[in-house]
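These are my notebook entries on a structure that I looked through element by element. I record what I looked up and what I found.

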Amino acid sequence: MRPFTSTVFAEMSALAVKHDAINLGQGFPDSDGPASMLAAAVDAIESGGNQYPPGIGVPSLRHAIAAHERDHYGIDRDPDSQVLVTVGATEAIAGALLGLVEPGREVVMIEPYYDSYAACVALAGGVRRTVPLVRDGDGFVLDRSALAAAFGPNTAAVLVNSPHNPTGTVLTDDDLAQIARLTIEYDAVAITDEVYEHLLFDGRGQHPLALLPGMAERTLRISSAAKTFACTGWKVGWITGPADLVAAARAAKQFLTYVGSGPFQPAVAHALRTEMDWVRANAADLARKRTVLSNALRTAGFDVHRSEAGYFVCADPRPLGYSDGFEFCREMPARIGVAAVPVSAFVDDDQPWRHLVRFAFCKRDEVIAEAAERLGSLR
Ligand SMILES: *Cc1c(COP(=O)(O)O)cnc(C)c1O
């Protein structure tokens, strides 16, 4: 685990604290999720829901997750064998990889990637094969020839994150179709990290890979309450998929944490059932914040990429005279009182990503306005 001893978030957040900077580095909201969900958690604590929940999750949450899959995507899941509650999407990713990847087998993933992917593949003894996103206008697209080249007879799994962190890219239907074709051709499994499934902007909709022909029986779909309901500290996530693959992830999961987040599970069940209007309003709000921060970055002199979903926008500070994102992020908290993270922290090949910086916009309007003002002083 030596390559994974420290994270860029710890470094940049410490700098933010030291210089009293606005922290647009780490992606957590600074306001609460739906009030009725918070009340349901308080209620669960006060009414004795404080011991180990069942290993696969409390029944009300597993049923709510199955109902959510049916309502939003028309997928039917058996809440007892095809749904597994995890300690956040983070544990779902770890459980799926540890359960499904044998030592020496390969895992295809998009680069840049969420930082836990590389560490979990290493924990499983697997080998990562990265497929870069490449610039296309003001957005990013999957490098299709690299995708085809990354698959081979040793591929165990492909790990797909759309909407994508850190870029805010939503993979196109053609991208998903090619991933499905290769996954089937090489008889691999797909693990999809869809934690931003409800935070797509500008009329876009989520298209789960599991819905493509031939994929239902080989896809584990991962989501979480963290981003959907603005409760990143609760760590309630889940996996849905065919019973045999869910069982593999469950076997690993039970020895990672066994269980977690007991009183938060019924609260998330309540939110999945009753608070999707809050989620839609929140997504519209995030789209607006995305636009405000993107415009502020552009005004400050950055070359700003299109963010289509999620919590983040990526910006290029080269027009301001910075060619190294790490250097820029180490300097910014002291210089202007804003913290961000370099995208090169999420890649193997940092050459194409060296310059790029990720900013979170999941913050209160006044915080974004203050950050915009400070960024304005960069010129
Ligand atoms: C936030 C995030 C996670 C982690 O979700 P938790 O439920 O907090 O563990 C996983 N994947 C991506 C892409 C994320 O952005």
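Entry 1: Which residue stands opposite Arg-221 in β8? I found Thr-192 there. Before going on, I note that this is a predicted model, in which local features need pLDDT of at least 70 and side-chain atom pairs count only at pLDDT 80 or more, while totals for chains, interfaces and linings use all residues. I number residues from 1 along each chain as its sequence is written, and side-chain values use heavy atoms, with hydrogens and water left out. For element names I follow DSSP runs, numbered from the N terminus: helices are H or I of at least four residues, and strands are E of at least two.

I then looked up the partners of β7 (residues 189-193), counting two strands as paired if DSSP finds at least two bridges between them. Strand β8 (residues 219-224) pairs with β7 in the parallel sense over four bridges. Strand β6 (residues 155-161) is parallel to β7 as well and is joined to it by five bridges. In that pair, Leu-159 stands opposite Ile-191. The chain passes from β6 through helix α7 (residues 173-185) to β7, a right-handed β-α-β crossover; right-handed means that, with the strands pointing away from the viewer, the path from the first strand over the helix to the second runs clockwise.

Entry 2: helix α1. I checked which residues of α1 (residues 8-18) are buried, and found Val-8, Phe-9, Met-12, Ser-13, Leu-15 and Ala-16. They share one side of α1 because they cover an arc of only 155° around the axis, the arc being that of the directions from the helix axis to the C-beta atoms. On the other side, Val-17 and Lys-18 are exposed. By contact (heavy atoms within 4.5 Å), the cover over the buried residues of α1 includes α5 (115-123), α12 (325-336) and β14 (357-360).

Entry 3: I used a 1 Å grid over the protein atoms alone: a cavity is a set of points where a 1.4 Å probe fits but cannot get out, a pocket is an open set with protein on both sides within 12 Å along at least five of seven lines, and lining residues have an atom within 4 Å of a point. Grid points are joined across faces, edges and corners, and a volume is the space filled by probe spheres set on the points. The search gave two cavities of 30 Å³ or more, and the largest cavity has about 40 Å³. Its lining includes Val-108, Leu-159 and Ile-179. The largest pocket holds about 460 Å³. Of its 23 lining residues, Gly-27, Thr-90, Tyr-114, Lys-227 and Lys-235 lie nearest the centre. Helix α4 (88-100) gives the largest share, four residues.

Entry 4: backbone. I found a cis peptide bond from Ser-162 to Pro-163, with omega near -10°, and another joining Asn-165 and Pro-166, with omega about 15°. Pro-163 sits in the loop between β6 and α7, and Pro-166 is placed in the loop between β6 and α7.

How values were computed. Buried < 20%, exposed > 50% of the residue type's maximum accessible area, 1.4 Å probe, protein only.
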